[in-house]
Amino acid sequence: MIKIVLVGCSGRMGNAISSLVKTKNEFSISAGVDKNKNENVDYPIYSEIFDIKEDFDAVLDFSRPASLDSLLKFCKDNKKPLVLCTTGYDEGQLKAIEVASLDIPLFKSANMSIGINIISSVLKNISSFLYEDFDIEIIEKHHNQKVDSPSGTAILLADSIKNSLDTPVDYVYGREGIKKRDKAEIGIHAVRGGNIVGEHSVIFAGGYETIEIKHSAMSREVFALGSLKACEFMKDKENGFYSMDDVIKLNK
């Protein structure tokens, strides 16, 4: 059984993971970390991660970027894997994550959906072929409580395209004013409203045809399932940096 410390356990994703774990005999939640209590769970919740005394195999984080320093220290002190599912890190934090992966097994992904990561893999293979004759735009939609925009997933998809091209491109976040679109642009557009779980569309717009690759999350369970697969994958891993690409390769 894989024992998890769930950080952000009282949030939307924390609730989804807690519910899913109840149906999975191979997982358990040893403890949760959150400023808010949740009476609907059967594990202890701590406001500070350093108060945890329960045994665990991995830390799973769905909280905020501000928690990063304490998460890295806690996992280094305990020599246990850290699975980061939070988005919105700044450049300094991304560097800290990279450095920490020298000391602990560290997993980071902007999106825990298997489907999104398969789309990312497809984009790496087709974008260089389509770029010359197609303009590329990305549209992402999320609920009105999401604090970061554009989404980490939109950036993940844009990076998958950008890194596969020989030609430099720039990201344009939304559009306004009077200016023609430049060829060397990838447009990234964010929509926030209602209770949209998550939708991402990558549009290749050509002179004679349009290709659209779209992913829609029907519920948060899709991310919860992916995060549990990541915890399973990370158990007993050696120090290093891992992502959903590694999980997908393992299951090919």
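**Ground rules.** I'm working with a predicted model, where local features need pLDDT of at least 70, side-chain atom pairs count only at pLDDT 80 or more, and totals for chains, interfaces and linings use all residues. Residues are numbered from 1 along each chain as its sequence is written, and side-chain values use heavy atoms, with hydrogens and water left out.

**Whole chain.** I looked up the secondary structure and got seven helices and 12 strands; these are DSSP runs numbered from the N terminus, helices being H or I with at least four residues and strands E with at least two. The C-alpha trace spans about 60 × 40 × 35 Å along its principal axes.

I then checked burial: 50% of the 252 residues count as buried (under 20% relative accessible area, 1.4 Å probe, protein chains only). For contacts (heavy atoms within 4.5 Å), I took those with a separation of 6 or more, and 66% of them join residues 24 or more positions apart.

**Helix 5.** I went to residues 152–162 next. Eight of the 11 residues of helix 5 are buried, so the helix is largely enclosed by the rest of the structure. I listed the buried ones as G152, T153, A154, L156, L157, A158, S160 and I161.

**Helices 2 and 3.** I took the axes of helix 2 (residues 68–78) and helix 3 (residues 91–100): they come within 11 Å and cross at roughly 5 degrees. That makes helix 2 roughly parallel to helix 3 (angles under 35 degrees). The axes are lines fitted to C-alpha atoms over the stretch in contact, with angles running from 0 to 180 degrees between N-to-C directions. On the helix 2 side I found L68, L72 and K76, which meet Q93, A96, I97 and A100 in helix 3. I sorted the residues of this contact into five nonpolar, one polar and one charged.

**S28.** My last stop was S28 in strand 2 (residues 27–33). S28 is buried, at a relative accessible area of 18%. Setting aside neighbours within four places in sequence, I found S28 in contact with M1, I2, K3, I4 and V21.

Note on methods
Angles under 35 degrees count as roughly parallel, over 145 as roughly antiparallel, 65 to 115 as roughly perpendicular and the rest as oblique. Ala, Val, Leu, Ile, Met, Phe, Trp, Tyr, Cys and Pro count as nonpolar, Asp, Glu, Lys and Arg as charged, and the others, Gly among them, as polar.
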